[in-house]
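Please read them with the structure open beside you.

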Amino acid sequence: MAQQLLMPKATAIWLVDNTALSFDQIAQFCRLHPLEVKAIADGEAAQGIKGLDPIATGQLSRDEIARAEKNPAHKLKLSEPKVRVPESKRRGPRYTPVSKRQDRPNAILWLVRNHPELKDAQISRLVGTTKSTIEQIRERTHWNSANLAPMDPVTLGLCSQIDLDMEVEKAAKGRPLPTAAELGATLQSAHETERLTPNEREEEKEIDADAVFAKLKSLKSSPKDEDEDDQY
């Protein structure tokens, strides 16, 4: 990636005000038209823009400016950056090596079964496939559906566990909360459990009363039996 000048107009303003460079030299360095640089010098253009010192930003050296001031034919060159910024990778479908492409249908089947919340675009990013292939596997119309076996794409080396977790987390954020029917709730509400008929309440009371009296009788009879044993 070719290095580019930061804020060309602001740099041109600083060079016009602080150097003896020609308009052509400044225009060539800042990628502007010479007439535009002349308008900046006359105060007719770029009003309100503050000049940017290219020496302070490390884009131009004092020696390079002095060399260009002595030789009007010299073209200014950008200084080499002290820190290299890595070029951002182009976002797009993941490239899958030829040796692993035969495993993609198995990975798609695994994702469809184990993570139904994932969208087709997310599956496509993870394993580098097309939406039509995903639909065929989802609908069991793929030409090799009978021989497919679900396999973890991380184990197959088609994606990393971090990428898979990120896609699953994104899908979970947009998913609505499950309803009680989906969760398979079996508990009844308190209102339903308290809706007993009068007969049911009386039967429960009678059963409870009999059980209580039976326990009391057994407790009373046990001390009496012990006294009789002591007499003998």
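1. Start with helices H6 and H9. This is a predicted model, and in it helix H6 (residues 120–127) packs with helix H9 (residues 161–173) at an angle of about 175°, their axes being 10 Å apart. That angle makes H6 roughly antiparallel to H9, since an angle over 145 degrees counts as roughly antiparallel.

2. Which residues make this contact? From H6 come Gln122, Arg125 and Leu126, and they meet Asp163, Leu164, Glu167, Lys170 and Ala171 in H9. Sorted by type, the residues of the contact of H6 with H9 are three nonpolar, one polar and four charged.

3. The next pair is helix H5 (residues 104–114) and helix H7 (residues 131–138). Their axes are also given by an angle and a distance: about 65° and 10 Å. H5 and H7 are therefore roughly perpendicular to each other, as the class runs from 65 to 115 degrees. The crossing of H5 and H7 is right-handed.

4. On the H5 side, the contact is made by Pro105, Ile108, Leu109 and Val112; on the H7 side, by Thr133, Ile134, Ile137 and Arg138. The residues of the contact of H5 with H7 divide into six nonpolar, one polar and one charged.5. Helix H1 (residues 8–18) has these buried residues: Ala10, Thr11, Ala12, Ile13, Trp14 and Leu15. What do the buried residues of H1 pack against? Their partners are helix H2 (23–30), helix H3 (34–41) and helix H4 (62–70).

5. Now the charged pairs. Side chains of opposite charge can pair when their charged atoms come close. The count of salt bridges in this model comes to five. One of them joins Lys9 and Glu36, with the closest N and O atoms 3.3 Å apart.

6. Are Lys9 and Glu36 buried, partly exposed or exposed? Lys9 has 37% relative accessibility and so counts as partly exposed. Glu36 has 26% and also counts as partly exposed, because buried means under 20%.

7. Another salt bridge is formed by Asp42 with Lys38, and here the closest N and O atoms are 3.1 Å apart. Asp42 counts as partly exposed at 45% relative accessibility. Lys38 counts as partly exposed at 39%.

8. The side chains of Asp120 and Arg138 also meet in a salt bridge, at 2.5 Å from N to O. Asp120 lies in helix H6 and Arg138 in helix H7, so the pair ties together parts that are 18 residues apart in sequence. Asp120 is buried, with a relative accessible area of 19%, whereas Arg138 is partly exposed at 35%. Arg138 was named above as well, among the H7 residues in contact with H5.

9. Last, the chain as a whole. How many helices and strands does the protein chain have? There are twelve helices and zero strands, and the pattern read along the sequence is α-α-α-α-α-α-α-α-α-α-α-α. The protein chain has 232 residues, of which 27% count as buried. Among its contacts between residues at least 6 apart in sequence, 61% join residues at least 24 apart.

Methods:
Residues are numbered from 1 along each chain as its sequence is written. This is a predicted model: local features need pLDDT of at least 70, side-chain atom pairs count only at pLDDT 80 or more; totals for chains, interfaces and linings use all residues. Side-chain values use heavy atoms; hydrogens and water are left out. Axes are lines fitted to C-alpha atoms, for helices over the stretch in contact, and angles run from 0 to 180 degrees between N-to-C directions. Helices (H or I, at least four residues) and strands (E, at least two) are DSSP runs, numbered from the N terminus. Angles under 35 degrees count as roughly parallel, over 145 as roughly antiparallel, 65 to 115 as roughly perpendicular and the rest as oblique. Contact means heavy atoms within 4.5 Å. Ala, Val, Leu, Ile, Met, Phe, Trp, Tyr, Cys and Pro count as nonpolar, Asp, Glu, Lys and Arg as charged, and the others, Gly among them, as polar. A crossing is left-handed if the near helix is turned anticlockwise from the far one by less than a right angle, and right-handed if clockwise. Buried means under 20% relative accessible area, exposed over 50%, partly exposed in between (1.4 Å probe, protein chains only). A salt bridge is a side-chain nitrogen of Lys or Arg within 4 Å of a carboxyl oxygen of Asp or Glu.
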